[in-house]
Amino acid sequence: MELKVLDHPLVAHKLTCLREASTSSPTFRALVDELVTLLAYEATRGVRVRPVHITTPVAETDGVTLADPKPLVVPILRAGLGMLGGMTRLMPTAEVGFVGMIRDETTLQPFTYAERLPQDLSGRQCFVLDPMLATGGSLGGCVQFLAARKADDVTCICLLAAPEGIENFRSLVDGLHITTTLVVAQVDERLNEQGYIVPGLGDAGDRLYGRVD
């Protein structure tokens with residue numbers, strides 16, 4: 001697993017605004033959208049392309065276009081949906097699948113409750129979206145799910161990660177023997193006793209969409 005932590009002043013600025021407890025949900029959603037576009041720029045550096053020959057208003061020339069099969073963007077429900085717009089804005093021809101995973105707040109273990117993905121992901125580059133890499137179980141479980149459908153190149157994009165989550169995620173995906181990349185805006189200090197990232201930004205899903213009790 002390759003870890004990439006972005007070092008950019010705009011990323012740091014937007015992340016600081018996200019952390020602020022007084023930031024409203026509409027502003028939080030807009031900031032996530034902007035931040036994901038910046039993260040996606042780095043995350044798609046290795047996206048597969050093929051050569052094409054085109055005609056400009058002046059002359060013929062050679063260029064590239066996204067290769068087939070098209071990349072697959074996979075937000076983890078529900079918080080990952082808040083990252084989808086920023087990702088598809090940069091890569092609008094990508095296709096989108098969904099995985100619903102939830103963490104048991106007692107055991108901290110993830111389980112899948114819904115999915116909408118192709119049965120065969122052979123040759124597809126997958127980009128998984130999940131705002132917070134806390135314990136790493138949900139994200140690692142999603143990558144395992146994709147690998148079981150023959151995905152062999154998965155890039156995960158997160159806003160924040162905890163060191164414990166990164167190591168657990170690494171342990172879950174390294175044995176899959178597929179290309180796995182983790183792109184994050186920042187690695188925080190630690191997890192607390194409840195499994196939340198410190199200093200973090202709270203529950204990303206609740207801050208995006210409000211509490212659902």
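At 18% relative accessibility, E42 counts as buried, where buried means under 20% relative accessible area, exposed over 50% and partly exposed in between, with a 1.4 Å probe and protein chains only. The structure is a predicted model, in which local features need pLDDT of at least 70 and side-chain atom pairs count only at pLDDT 80 or more, while totals for chains, interfaces and linings use all residues. Residues are numbered from 1 along each chain as its sequence is written, and side-chain values use heavy atoms, with hydrogens and water left out.

E42 belongs to helix α2, which covers residues 25-43; helices (H or I, at least four residues) and strands (E, at least two) are DSSP runs numbered from the N terminus. Once residues up to four places away in sequence are set aside, E42 touches K4 and L6, contact being defined by heavy atoms within 4.5 Å. With K4 the side chain of E42 forms a salt bridge at 3.5 Å, N to O, a term that requires a side-chain nitrogen of Lys or Arg within 4 Å of a carboxyl oxygen of Asp or Glu. This pair links distant parts of the chain, since E42 sits in helix α2 and K4 in strand β1, 38 residues apart. K4 is partly exposed, at 22% relative accessibility. The side chain of E42 also makes a polar contact of 3.0 Å with the side chain of R45; such a contact is a pair of N or O atoms within 3.5 Å, of which, within protein, one must be able to donate a hydrogen and the other to accept it, and residues adjacent in sequence count only if both atoms are side-chain atoms. K4, E42 and R45 are linked in a network of salt bridges.

Over the whole structure, a search finds 12 salt bridges. One of them joins the side chains of E34 and K14 at 2.8 Å, N to O. Because E34 lies in helix α2 and K14 in helix α1 (residues 9-19), the pair ties together parts that are 20 residues apart in sequence. E34 is partly exposed, with a relative accessible area of 34%, whereas K14 is buried at 14%. Another salt bridge brings together the side chains of R48 and D152 (3.9 Å, N to O). R48 is in the loop between α2 and β2 (49-55) and D152 in the loop between α4 and β10, so this pair ties together parts that are 104 residues apart in sequence. R48 is partly exposed, with a relative accessible area of 35%, and D152 is partly exposed at 37%.

Turning to helix α5 (residues 163-173), its buried residues are G165, I166, F169 and V173. They lie on the same side of α5 because they cover an arc of only 100 degrees around the axis, the arc being that of the directions from the helix axis to the C-beta atoms. An α-helix has 3.6 residues a turn, so residues three or four places apart point the same way. The cover over the buried residues of α5 includes β1 (2-5), β9 (132-133), α4 (137-148), β10 (153-161) and β11 (179-187).

Finally, G210 is found in the segment after α6 (204-209) and is partly exposed, at 21% relative accessibility. Leaving aside neighbours within four places in sequence, G210 is in contact with R78 and G205. G210 and R190 are 20 residues apart in sequence and 25 Å apart in space, C-alpha to C-alpha.
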